[in-house]
Amino acid sequence: MSATLTPVTACWVCGGTHLTRVHDARLELTEYRTQDPELAEYSGQSLPIVRCTACGFAQPASLPALPRYFDRMYDQRWSADWVEREHHAAYKDRIFDDVLAALESRLPASRRRLLDVGAHAGRFIARARGRGWDADGLELNPRTAAYAASASGGTVHHGNLYTWSGSGAGYDAVTLTDVLEHIPDPRSALRRVRDLLNPGGWIAVKIPNAPVQRVKERARSWLRPGYAPALADNLVHVNHFGPASIRLALEREGFGDVRVLVAAPEMPDGESVASRIDRFGRTLAFRVAAALPGGTYTPVAFNLQAYARRS
Ligand SMILES: [Zn+2]
(Lines give C-alpha, C1' and ligand atoms only; values in the text may rest on other atoms or scores of the structure.)
Protein backbone atom coordinates (compact mmCIF):
# COMPACT_ATOMS: atom_id res chain seq x y z
CA MET A 1 0.00 0.00 0.00
CA SER A 2 1.43 3.36 -0.84
CA ALA A 3 -0.07 6.44 0.69
CA THR A 4 -3.70 5.68 -0.12
CA LEU A 5 -6.66 7.47 1.43
CA THR A 6 -10.02 6.03 2.51
CA PRO A 7 -13.07 8.30 2.10
CA VAL A 8 -15.13 9.31 5.14
CA THR A 9 -18.66 9.85 3.84
CA ALA A 10 -20.84 10.63 6.88
CA CYS A 11 -20.54 13.11 9.74
CA TRP A 12 -18.95 11.45 12.78
CA VAL A 13 -21.25 13.38 15.12
CA CYS A 14 -24.75 13.29 13.55
CA GLY A 15 -24.42 10.91 10.58
CA GLY A 16 -25.28 13.69 8.10
CA THR A 17 -23.98 13.23 4.56
CA HIS A 18 -24.17 16.80 3.24
CA LEU A 19 -20.55 17.84 3.75
CA THR A 20 -19.00 20.99 2.29
CA ARG A 21 -15.32 21.89 2.03
CA VAL A 22 -14.03 24.56 4.42
CA HIS A 23 -10.29 24.02 4.30
CA ASP A 24 -7.52 21.73 3.04
CA ALA A 25 -5.19 19.71 5.25
CA ARG A 26 -1.68 19.23 3.93
CA LEU A 27 0.44 16.21 4.82
CA GLU A 28 4.14 16.89 5.38
CA LEU A 29 5.79 13.95 7.13
CA THR A 30 9.29 13.92 5.67
CA GLU A 31 10.75 14.13 9.17
CA TYR A 32 9.64 10.47 9.57
CA ARG A 33 11.66 9.42 6.47
CA THR A 34 14.08 7.29 8.46
CA GLN A 35 11.93 6.33 11.43
CA ASP A 36 8.86 5.33 9.39
CA PRO A 37 9.19 5.47 5.56
CA GLU A 38 5.59 4.31 4.92
CA LEU A 39 4.28 7.21 6.97
CA ALA A 40 6.60 9.67 5.23
CA GLU A 41 5.18 8.59 1.84
CA TYR A 42 2.04 10.63 2.58
CA SER A 43 4.05 13.85 2.26
CA GLY A 44 2.86 16.21 -0.44
CA GLN A 45 -0.78 15.09 -0.40
CA SER A 46 -3.60 17.30 0.71
CA LEU A 47 -7.21 16.48 1.49
CA PRO A 48 -10.32 18.55 2.20
CA ILE A 49 -11.71 19.26 5.65
CA VAL A 50 -15.49 19.23 5.25
CA ARG A 51 -18.25 20.71 7.40
CA CYS A 52 -21.56 18.97 8.08
CA THR A 53 -24.39 21.32 7.15
CA ALA A 54 -26.70 19.61 9.67
CA CYS A 55 -24.65 19.98 12.88
CA GLY A 56 -21.68 22.21 12.00
CA PHE A 57 -19.01 19.64 12.90
CA ALA A 58 -16.06 19.43 10.48
CA GLN A 59 -13.82 16.45 9.72
CA PRO A 60 -11.47 15.12 7.01
CA ALA A 61 -13.08 13.98 3.76
CA SER A 62 -10.74 10.98 3.86
CA LEU A 63 -8.21 9.32 6.16
CA PRO A 64 -4.86 7.63 5.48
CA ALA A 65 -5.41 3.92 4.92
CA LEU A 66 -2.03 3.16 6.53
CA PRO A 67 -2.67 1.00 9.60
CA ARG A 68 -2.08 2.85 12.88
CA TYR A 69 -1.37 6.15 11.04
CA PHE A 70 -2.13 8.21 14.16
CA ASP A 71 -0.22 6.02 16.62
CA ARG A 72 2.75 6.14 14.27
CA MET A 73 2.58 9.92 13.86
CA TYR A 74 2.44 10.42 17.64
CA ASP A 75 5.42 8.14 18.23
CA GLN A 76 7.77 11.11 18.38
CA ARG A 77 11.14 10.30 19.91
CA TRP A 78 11.19 13.25 22.25
CA SER A 79 14.32 13.96 24.25
CA ALA A 80 14.31 13.34 27.99
CA ASP A 81 15.05 17.04 28.56
CA TRP A 82 12.07 18.15 26.53
CA VAL A 83 9.70 15.80 28.40
CA GLU A 84 11.01 17.03 31.75
CA ARG A 85 10.55 20.67 30.69
CA GLU A 86 6.97 19.90 29.66
CA HIS A 87 6.28 18.46 33.10
CA HIS A 88 7.55 21.63 34.77
CA ALA A 89 5.97 24.09 32.31
CA ALA A 90 3.09 26.06 33.81
CA TYR A 91 1.37 27.26 30.60
CA LYS A 92 -1.70 25.07 31.09
CA ASP A 93 -2.04 25.39 34.87
CA ARG A 94 -4.99 27.74 34.70
CA ILE A 95 -6.88 25.27 32.49
CA PHE A 96 -5.93 22.35 34.76
CA ASP A 97 -7.01 24.17 37.93
CA ASP A 98 -10.33 25.22 36.36
CA VAL A 99 -11.04 21.60 35.39
CA LEU A 100 -10.22 20.30 38.87
CA ALA A 101 -12.32 22.99 40.58
CA ALA A 102 -15.27 22.27 38.27
CA LEU A 103 -15.08 18.53 38.95
CA GLU A 104 -14.71 19.10 42.70
CA SER A 105 -17.89 21.19 42.66
CA ARG A 106 -19.77 18.42 40.84
CA LEU A 107 -18.67 15.40 42.85
CA PRO A 108 -18.81 14.65 46.59
CA ALA A 109 -15.42 14.63 48.34
CA SER A 110 -15.61 10.84 48.69
CA ARG A 111 -15.46 10.46 44.88
CA ARG A 112 -12.00 11.45 43.74
CA ARG A 113 -10.85 8.67 41.38
CA LEU A 114 -9.71 10.27 38.12
CA LEU A 115 -8.22 9.16 34.79
CA ASP A 116 -6.46 11.71 32.60
CA VAL A 117 -6.58 10.53 28.97
CA GLY A 118 -3.59 11.88 27.04
CA ALA A 119 -1.61 12.41 30.24
CA HIS A 120 1.38 13.85 28.35
CA ALA A 121 4.24 14.54 30.84
CA GLY A 122 1.99 14.13 33.89
CA ARG A 123 1.69 17.70 35.13
CA PHE A 124 -2.11 17.55 35.40
CA ILE A 125 -1.94 14.26 37.33
CA ALA A 126 0.58 15.75 39.75
CA ARG A 127 -1.63 18.81 40.30
CA ALA A 128 -4.71 16.65 40.81
CA ARG A 129 -2.88 14.42 43.30
CA GLY A 130 -1.72 17.54 45.12
CA ARG A 131 -5.39 18.44 45.63
CA GLY A 132 -6.30 15.03 47.01
CA TRP A 133 -7.38 13.21 43.85
CA ASP A 134 -6.47 9.57 43.27
CA ALA A 135 -5.38 10.46 39.74
CA ASP A 136 -3.97 8.12 37.08
CA GLY A 137 -3.37 8.52 33.38
CA LEU A 138 -3.41 6.94 29.94
CA GLU A 139 -0.78 8.05 27.41
CA LEU A 140 0.02 6.97 23.87
CA ASN A 141 3.66 8.06 23.75
CA PRO A 142 5.90 5.60 25.64
CA ARG A 143 8.43 8.27 26.65
CA THR A 144 5.96 10.72 28.12
CA ALA A 145 3.98 7.85 29.72
CA ALA A 146 7.05 6.59 31.57
CA TYR A 147 8.06 10.08 32.66
CA ALA A 148 4.51 11.00 33.73
CA ALA A 149 4.35 7.93 35.98
CA SER A 150 7.66 8.62 37.69
CA ALA A 151 7.09 12.37 38.12
CA SER A 152 3.44 12.37 39.21
CA GLY A 153 3.25 9.40 41.57
CA GLY A 154 0.20 8.09 39.69
CA THR A 155 -0.16 5.01 37.53
CA VAL A 156 0.14 5.94 33.86
CA HIS A 157 -0.99 3.25 31.45
CA HIS A 158 0.74 3.17 28.07
CA GLY A 159 -1.73 2.82 25.21
CA ASN A 160 -4.73 4.47 23.60
CA LEU A 161 -8.41 4.50 24.56
CA TYR A 162 -9.13 1.46 22.40
CA THR A 163 -6.06 -0.70 23.01
CA TRP A 164 -5.97 -0.23 26.78
CA SER A 165 -7.90 -3.00 28.54
CA GLY A 166 -9.34 -0.52 31.05
CA SER A 167 -8.77 -3.05 33.81
CA GLY A 168 -9.67 -1.50 37.13
CA ALA A 169 -11.89 1.14 35.48
CA GLY A 170 -14.67 2.71 37.49
CA TYR A 171 -13.56 6.33 37.55
CA ASP A 172 -15.45 9.23 39.06
CA ALA A 173 -13.96 11.62 36.50
CA VAL A 174 -12.23 11.27 33.15
CA THR A 175 -10.45 14.28 31.67
CA LEU A 176 -9.46 14.89 28.04
CA THR A 177 -7.58 18.17 27.74
CA ASP A 178 -6.50 18.95 24.16
CA VAL A 179 -7.06 15.30 23.22
CA LEU A 180 -10.48 14.74 21.64
CA GLU A 181 -9.65 16.85 18.56
CA HIS A 182 -6.99 14.26 17.69
CA ILE A 183 -9.07 11.03 17.76
CA PRO A 184 -10.94 9.99 14.58
CA ASP A 185 -14.59 9.05 15.14
CA PRO A 186 -14.89 11.01 18.38
CA ARG A 187 -18.21 9.50 19.41
CA SER A 188 -16.62 6.08 19.76
CA ALA A 189 -13.99 7.73 22.01
CA LEU A 190 -16.75 9.30 24.12
CA ARG A 191 -18.52 5.92 24.32
CA ARG A 192 -15.32 4.33 25.57
CA VAL A 193 -14.92 7.07 28.19
CA ARG A 194 -18.50 6.55 29.32
CA ASP A 195 -17.72 2.88 29.92
CA LEU A 196 -14.71 3.84 32.04
CA LEU A 197 -16.86 6.05 34.31
CA ASN A 198 -18.92 5.02 37.32
CA PRO A 199 -22.62 5.98 37.10
CA GLY A 200 -22.85 9.64 38.06
CA GLY A 201 -19.23 10.21 37.05
CA TRP A 202 -18.17 13.23 35.00
CA ILE A 203 -16.27 13.77 31.77
CA ALA A 204 -14.32 17.02 31.24
CA VAL A 205 -13.34 17.78 27.64
CA LYS A 206 -11.24 20.74 26.50
CA ILE A 207 -11.04 21.35 22.74
CA PRO A 208 -10.26 24.21 20.36
CA ASN A 209 -13.38 26.08 19.20
CA ALA A 210 -13.03 25.25 15.50
CA PRO A 211 -15.19 27.98 13.91
CA VAL A 212 -13.30 30.66 15.87
CA GLN A 213 -9.91 29.08 15.11
CA ARG A 214 -10.81 29.14 11.39
CA VAL A 215 -11.56 32.88 11.60
CA LYS A 216 -8.30 33.47 13.51
CA GLU A 217 -6.19 31.58 10.97
CA ARG A 218 -7.87 33.39 8.07
CA ALA A 219 -7.21 36.75 9.72
CA ARG A 220 -3.59 35.75 10.22
CA SER A 221 -3.16 34.88 6.56
CA TRP A 222 -4.60 38.28 5.56
CA LEU A 223 -2.26 40.09 7.94
CA ARG A 224 0.83 38.11 7.02
CA PRO A 225 1.21 37.54 3.28
CA GLY A 226 2.69 34.10 2.70
CA TYR A 227 1.22 32.62 5.89
CA ALA A 228 -0.77 29.47 5.11
CA PRO A 229 -3.53 28.57 7.58
CA ALA A 230 -2.45 25.40 9.38
CA LEU A 231 -5.52 24.08 11.14
CA ALA A 232 -5.39 20.44 10.25
CA ASP A 233 -2.01 19.75 8.69
CA ASN A 234 -0.89 16.12 8.99
CA LEU A 235 -4.41 15.57 10.39
CA VAL A 236 -3.12 16.50 13.82
CA HIS A 237 -6.63 17.91 14.34
CA VAL A 238 -9.23 15.57 12.84
CA ASN A 239 -12.27 16.76 14.82
CA HIS A 240 -13.38 20.37 14.43
CA PHE A 241 -16.03 20.98 17.07
CA GLY A 242 -18.04 24.09 17.84
CA PRO A 243 -20.19 24.56 20.95
CA ALA A 244 -23.28 22.92 19.40
CA SER A 245 -21.52 19.89 17.94
CA ILE A 246 -19.61 18.96 21.13
CA ARG A 247 -22.90 19.17 23.04
CA LEU A 248 -24.61 16.97 20.44
CA ALA A 249 -21.80 14.39 20.50
CA LEU A 250 -21.97 14.10 24.31
CA GLU A 251 -25.78 13.90 24.34
CA ARG A 252 -25.88 11.27 21.59
CA GLU A 253 -23.51 9.14 23.69
CA GLY A 254 -25.92 9.27 26.61
CA PHE A 255 -24.28 11.96 28.74
CA GLY A 256 -26.54 14.34 30.64
CA ASP A 257 -26.21 17.72 32.37
CA VAL A 258 -23.99 18.92 29.51
CA ARG A 259 -22.44 22.35 29.97
CA VAL A 260 -20.24 23.96 27.36
CA LEU A 261 -18.16 26.91 28.54
CA VAL A 262 -15.38 29.13 27.25
CA ALA A 263 -12.11 27.45 28.30
CA ALA A 264 -9.27 29.33 29.98
CA PRO A 265 -6.36 30.15 27.66
CA GLU A 266 -2.88 28.69 27.66
CA MET A 267 -0.37 31.16 29.10
CA PRO A 268 3.00 30.95 27.32
CA ASP A 269 5.80 32.14 29.59
CA GLY A 270 8.46 34.68 28.69
CA GLU A 271 9.28 38.13 30.05
CA SER A 272 9.51 40.03 26.77
CA VAL A 273 7.04 42.82 26.01
CA ALA A 274 5.55 40.69 23.22
CA SER A 275 4.95 37.80 25.66
CA ARG A 276 3.27 40.12 28.15
CA ILE A 277 1.03 41.61 25.47
CA ASP A 278 0.19 38.08 24.26
CA ARG A 279 -0.84 37.00 27.79
CA PHE A 280 -2.83 40.19 28.32
CA GLY A 281 -4.68 39.64 25.02
CA ARG A 282 -5.46 36.01 25.85
CA THR A 283 -6.76 36.92 29.30
CA LEU A 284 -8.88 39.78 27.93
CA ALA A 285 -10.41 37.59 25.19
CA PHE A 286 -11.22 34.90 27.76
CA ARG A 287 -12.80 37.33 30.22
CA VAL A 288 -14.90 39.00 27.53
CA ALA A 289 -16.12 35.70 26.03
CA ALA A 290 -16.79 34.14 29.45
CA ALA A 291 -18.78 37.19 30.62
CA LEU A 292 -21.07 37.47 27.60
CA PRO A 293 -24.34 35.54 27.29
CA GLY A 294 -23.78 32.94 24.58
CA GLY A 295 -20.07 33.64 24.95
CA THR A 296 -19.05 30.32 23.38
CA TYR A 297 -20.46 31.64 20.09
CA THR A 298 -18.42 34.87 20.11
CA PRO A 299 -15.33 35.20 17.88
CA VAL A 300 -13.03 35.51 20.93
CA ALA A 301 -13.99 32.11 22.42
CA PHE A 302 -10.90 30.34 21.11
CA ASN A 303 -11.31 27.19 23.23
CA LEU A 304 -14.20 25.26 24.74
CA GLN A 305 -14.54 23.32 27.97
CA ALA A 306 -17.40 20.83 28.24
CA TYR A 307 -18.61 18.91 31.29
CA ALA A 308 -21.16 16.11 31.19
CA ARG A 309 -22.41 13.42 33.52
CA ARG A 310 -22.79 9.71 32.94
CA SER A 311 -26.32 8.84 33.98
ZN1 LIG B 1 -23.19 16.43 11.57
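**Figure 1. The buried residues of helix α8 in a predicted model.** In α8, the buried residues are Ala210, Val212, Gln213, Arg214, Glu217 and Ser221. A handy rule for reading such a list is that an α-helix has 3.6 residues a turn, so residues three or four places apart point the same way.

**Figure 2. The strands that α8 packs against.** Now look at the neighbours of this helix. The buried residues of α8 pack against β2 (19-26), β3 (46-52), β4 (58-60), β10 (197-208) and β12 (303-310).

**Figure 3. Helix α8 from end to end.** Helix α8 covers residues 210-223, which makes 14 residues.

**Figure 4. The chain around the helix.** Stepping back, you can find ten helices and twelve strands in the chain. How much of the chain is buried? Buried residues make up 50% of its 311 residues. Among contacts with a separation of 6 or more, 72% join residues 24 or more positions apart.

**Figure 5. The overall size and surface of the chain.** The C-alpha atoms fill a box of roughly 50 × 45 × 45 Å along the principal axes. A compact globule of 311 residues would have a radius of gyration near 19 Å, and the chain has 19 Å, so the two agree. The accessible surface is about 14000 Å², with 53% of it belonging to carbon and sulfur atoms. Finally, the chain has 38 positive and 33 negative charges, whose mean positions are 5 Å apart.

Methods:
Residues numbered from 1 in each chain as written. Predicted model: local features only at pLDDT ≥ 70, side-chain atom pairs only at ≥ 80, totals over all residues. Heavy atoms only, no water. Helix = DSSP H or I, 4+ residues; strand = E, 2+ residues; numbered from the N terminus. Expected span 1.5 Å × (residues − 1). Buried < 20%, exposed > 50% of the residue type's maximum accessible area, 1.4 Å probe, protein only. Contact = heavy atoms within 4.5 Å. Rg over C-alpha atoms; globule rule 2.2 N^0.38 Å. Areas by Shrake-Rupley, 256 points an atom, 1.4 Å probe, with all protein chains shown as cover. Lys, Arg positive; Asp, Glu negative; His and termini not counted. Charge placed at Lys NZ, Arg CZ, Asp CG, Glu CD.
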